[in-house]
Amino acid sequence: MFHVVTGGSGSGKSAYAEDRIVEYAGSAAARGSAGLYYIATMMPFDEETKERIRRHQTMRAGKGFQTVECYRDLKKGLEDIFCGSDCGEENPGTAFMCREHKASILLEGTSNKCQGHKPSVLLECMSNLVANELFSEPDCGDRMKKEYEAVCDQVTGAIMEGIHFLRERCAILVVVTNEVFSECAQDSQEMRLYKKILGRVNQKMADLADQVTEVVYGIPEDVKKGLVERARDSEGRNMRMIIGGAYQGKLAYAKALYPDIDWADGRCCEEEALVRCGGIYHFESYIARMLRGEFAGGDGQTKISSAEEFCQYISEQNPGLIIVSDEIGYGLVPIDAFDRKYREETGRICTRLAEFADRVDRVVCGVGTVIKGGEER
């Protein structure tokens, strides 16, 4: 069982994840589970993080967790704790022997053949693990500038190697990750790379997971329990929207649903592409460009004199448009006046277009949920 839990800061995702794995482990205990583990990834480097750690320790007190601190290199750091299933090797060694079985050999003189008892594991939090892997090297800043994609691939690969290792060796694995993708403020290069890696890791985990849950203000919403049906044929279709935070896999999801669409990139397309294309992605960037006056001689007025008029224009000129847009209305209110206007106008436009739309999908960790129209299998 592999369950990914995501949500924003203070959303209640940690409490939900702890409750779920305790529940799972309780049912697994009768089947020979090898204990309940909490893999802590937050480095206690200042008083603020130490206080957060203390709060989480208090939350899980009395629930039966054995805490393992692992800030980087999941696979290497955990090899001496978890073993594979029914390896059956004589003297398998500490690298592949579960802690419980090793203890029974040393203390009770039982068989030295590993029985393959699998532990139940809660890993919290993936966002900390990504930051530790990315920023812990002394020359990480210079390397990011010179080897952006290489660093992204390396860190993603290392983390997913650890996730695969745990998934193979755990009866139950629950991973908590963080929703940090729905803000409009401009990021530094380092923060963009961090979000890109975390988004990619979240998508890869969700693809492997049996269940993905987003917790919003303490309310769990299962975003993966099955696959959604393909969209209806393009003939006679109405407007569709795919929304979600940055780096969530929205475009790949959209292209899988609508494979024969001619797409425009809102970051660089011409103004009229909006009414000529079958679908537009980075729609939020198209709105920003209009607000900055990049179209029609730079007067900033074309087709966006008001959100209502702009939405009416799209619905009349291209009623079958597929819109893929980042959600940018979360997080703190930006300090910059343009960012505030951009965030608010984008929210109003997307809200109005969602009313026009025949179907709206929301993508979290690469998994889409139909939140308006459509059907689920």
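**A walk through a predicted chain**

Good morning, everyone; the chain that I would like to show you has 13 helices and 13 strands, where helices (H or I, at least four residues) and strands (E, at least two) are DSSP runs, numbered from the N terminus. What you see is a predicted model, in which local features need pLDDT of at least 70 and side-chain atom pairs count only at pLDDT 80 or more, while totals for chains, interfaces and linings use all residues. Residues are numbered from 1 along each chain as its sequence is written, and side-chain values use heavy atoms, with hydrogens and water left out.

Of the 377 residues in the chain, 49% are buried, and here buried means under 20% relative accessible area, exposed over 50%, and partly exposed in between, with a 1.4 Å probe and protein chains only. If we take the contacts (heavy atoms within 4.5 Å) between residues at least 6 apart in sequence, 71% of them join residues at least 24 apart.

Let me turn to helix α5, which is mostly covered, since seven of its 10 residues are buried. Those buried residues, among them Met 126, Val 130 and Leu 134, pack against α3, β4, α6, α7, β5 and α8. How do the axes of α5 and α8 cross? The axes of α5, residues 126-135, and α8, residues 189-208, come within 10 Å and cross at roughly 130°; axes are lines fitted to C-alpha atoms, for helices over the stretch in contact, and angles run from 0 to 180 degrees between N-to-C directions. That angle makes α5 oblique to α8, because angles under 35 degrees count as roughly parallel, over 145 as roughly antiparallel, 65 to 115 as roughly perpendicular and the rest as oblique. By class, the contact of α5 with α8 has 11 nonpolar, two polar and one charged residues, where Ala, Val, Leu, Ile, Met, Phe, Trp, Tyr, Cys and Pro count as nonpolar, Asp, Glu, Lys and Arg as charged, and the others, Gly among them, as polar.

A second pair of helices is α11, residues 283-291, and α13, residues 337-356, which pack at an angle of about 125° with their axes 10 Å apart, and this makes α11 oblique to α13. Their contact has nine nonpolar, two polar and three charged residues, and Glu 284 is one of the α11 residues taking part.

Glu 284 also brings us to Asp 326, which touches Glu 284 along with Gly 244, Gly 245, Ala 246 and Lys 250, not counting residues up to four places away in sequence. Asp 326 sits in strand β11, residues 322-326, and is buried, with a relative accessible area of 14%.

Phe 82, in the loop between α3 and α4, counts as buried at 1% relative accessibility. Although Phe 82 and Glu 168 are 86 residues apart in sequence, their C-alpha atoms are 9.8 Å apart in space.

Finally, some backbone details: most residues other than glycine have a negative phi, and most peptide bonds are trans. Asp 73 is not a glycine, yet has a positive phi of about 50°; Asp 73 lies in the loop between β3 and α3 and is partly exposed, at 37% relative accessible area. Tyr 217 likewise has a positive phi of about 50° without being a glycine, and at 74% relative accessibility Tyr 217 counts as exposed.
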